[in-house]
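Subject: Structure handover

Dear colleague,

Here is the structure I said I would pass on. Please have it open while you read the notes.

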Amino acid sequence: MSSIVSVEQVRKTYPTGLTALHAVDLEIREGEILALLGPNGAGKTTLISMICGISTITSGKILVGGHDVSVDFRPARKMIGLVPQELNIEIFEKVRDTVAFTRGLFGLPPDEDYMRELLTRLSLWDKRDARIRELSGGMKRRVLIAKALSHQPRVLFLDEPTAGVDVDLRRDMWEMIDELRTRGTTVVLTTHYIEEAESIADRIGVINQGRILLVEEKDRLMRRLGRKRLTLELAEPLTAIPEALAPYGLELSEDGRELVYVYDRAAERTGIASLLRDMGEVGIRLADLRTAQDSLEDIFVDLVRRRPENDEPTPEPLTTAEAPA
């Protein structure tokens with residue numbers, strides 16, 4: 001699958017010396033849904049801002065559809081739709097007018113059929129003549145999405161799109177994203193709702209401290225890094241783990257009735273057979289057992305806890321107007 005966005009050795013350093021992104025490389029494939037995960041301050045919004053031409057690049061290159069965002073800004077930006085975190089819309093404008101105005105900014109003529117289709121999909125058609133200030137927070141978020149899709153972009157960036165929105169909007173949004181994928185639109189989203197990324201994304205990217213830790217197919221990532229937990233329910237409680245079982249790294253529950261064994265299911269030998277044998281030898285009898293797989297959230301938390309190699313010292317926070325997102 002060809003790349004529609006190519007980020008090559010991109011670095012962002014602010015005047016104070018704070019480096020928000022460290023030589024980032026990222027290929028975004030055409031027609032995929034990429035979920036970019038990372039803690040607050042990891043560099044997600046900074047990276048998106050540079051791809052969209054909102055923030056300048058200190059060094060490196062970003063191509064969108066083959067257009068360099070620093071040299072061919074207009075054709076590159078025309079291919080992009082952006083739904084930012086902030087509700088930055090003119091509150092006295094009507095819904096229809098603000099969406100049509102955004103479409104016009106990209107040099108496209110009015111298209112009443114597309115306008116009706118777009119606003120209907122976002123449950124905004126009945127509110128088309130309402131002023132923005134009359135809308136709820138969730139409806140304002142829908143207007144932002146409509147503006148981002150007004151010029152029918154090939155790449156849609158959603159920066160924390162479901163933060164603080166209701167369940168109905170969240171459900172509608174994921175249905176719309178799935179529909180966009182079937183039409184060939186590339187979708188890149190950042191989210192704190194990791195279960196959403198797990199359910200909808202084709203690939204997962206993890207960024208921390210301004211560095212991409214990995215970008216991988218979701219299913220492959222889950223197989224490769226997803227550990228399994230074997231919970232052993234004991235017939236009689238233990239007060240301590242026998243010394244003979246120490247090599248297995250077992251965890252004993254507070255009531256002493258369960259032992260938990262964590263293993264890599266992709267390993268050639270999981271160690272389960274030898275564990276059960278050794279438990280029998282020390283006289284531990286089982287009442288039941290069950291297994292559970294690590295979720296994407298478990299994998300994410302484990303990854304971001306690891307400090308990147310060759311990490312640079314972090315200067316004091318910025319006090320200038322240009323602060324990294």
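This is a predicted model: local features need pLDDT of at least 70, side-chain atom pairs count only at pLDDT 80 or more; totals for chains, interfaces and linings use all residues.

Residues are numbered from 1 along each chain as its sequence is written, and side-chain values use heavy atoms, with hydrogens and water left out.

Whole chain

The secondary structure comes to 10 helices and 14 strands; helices (H or I, at least four residues) and strands (E, at least two) are DSSP runs, numbered from the N terminus. Of the 325 residues, 45% are buried. Here buried means under 20% relative accessible area, exposed over 50%, and partly exposed in between (1.4 Å probe, protein chains only). The chain exposes about 16600 Å², with carbon and sulfur atoms supplying 48% of that area; accessible areas come from the Shrake-Rupley method with a 1.4 Å probe, and for residues only the protein chains shown count as cover. Among contacts (heavy atoms within 4.5 Å) between residues at least 6 apart in sequence, 71% join residues at least 24 apart.

Cores

A nonpolar core is a set of buried Ala, Val, Leu, Ile, Met, Phe, Trp, Tyr and Cys residues joined through side-chain atoms within 4.5 Å. The largest one has 42 residues, and Leu119, Leu149, Ile177 and Ile204 have the most contacts inside it. Its largest share, 7 residues, comes from α5. A second, separate core of 28 residues includes Val5, Val24, Leu36 and Cys52.

Helix α6 (residues 167-182) has 16 residues, which at 1.5 Å a residue should span 22 Å; the end C-alpha atoms are 23 Å apart, so the two values agree. The expected span is 1.5 Å times one less than the number of residues. Buried in α6 are Leu169, Arg170, Met173, Trp174, Met176, Ile177 and Leu180. They cover an arc of only 160° around the axis, which puts them on the same side of α6; the arc is that of the directions from the helix axis to the C-beta atoms. The cover over these buried residues includes β3 (33-37), α4 (112-121), α5 (137-149), β7 (155-159), β8 (186-190) and α7 (194-200). The face turned away from the buried side carries the exposed residues Val167 and Thr182. Just after α6, Gly184 takes a positive phi of about 95°.

In α9 (residues 272-281), Leu275, Asp278 and Met279 are buried. Seen down the axis, the buried residues of α9 fall within an arc of 105°, so they line one face of the helix. Exposed Ala273 and Glu281 are on the face turned away from that buried side. Gly283 follows α9 with a positive phi, near 85°.

Strand β6

From β6, Ile80 and Leu82 point one way and Gly81 and Val83 the other, and all are buried. β6 and β7 run parallel and are joined by 4 bridges, where two strands pair if DSSP finds at least two bridges between them. Leu82 has Phe157 as its bridge partner in β7.

Two loop residues

Ile89 sits in the loop between β6 (80-83) and α3 (95-105) and is buried, with a relative accessible area of 12%. Not counting residues up to four places away in sequence, Ile89 touches Ile132, Lys140, Val143, Leu144 and Lys147. Ser70, in the loop between β5 (67-68) and α2 (73-78), is exposed, with a relative accessible area of 54%.

Regards
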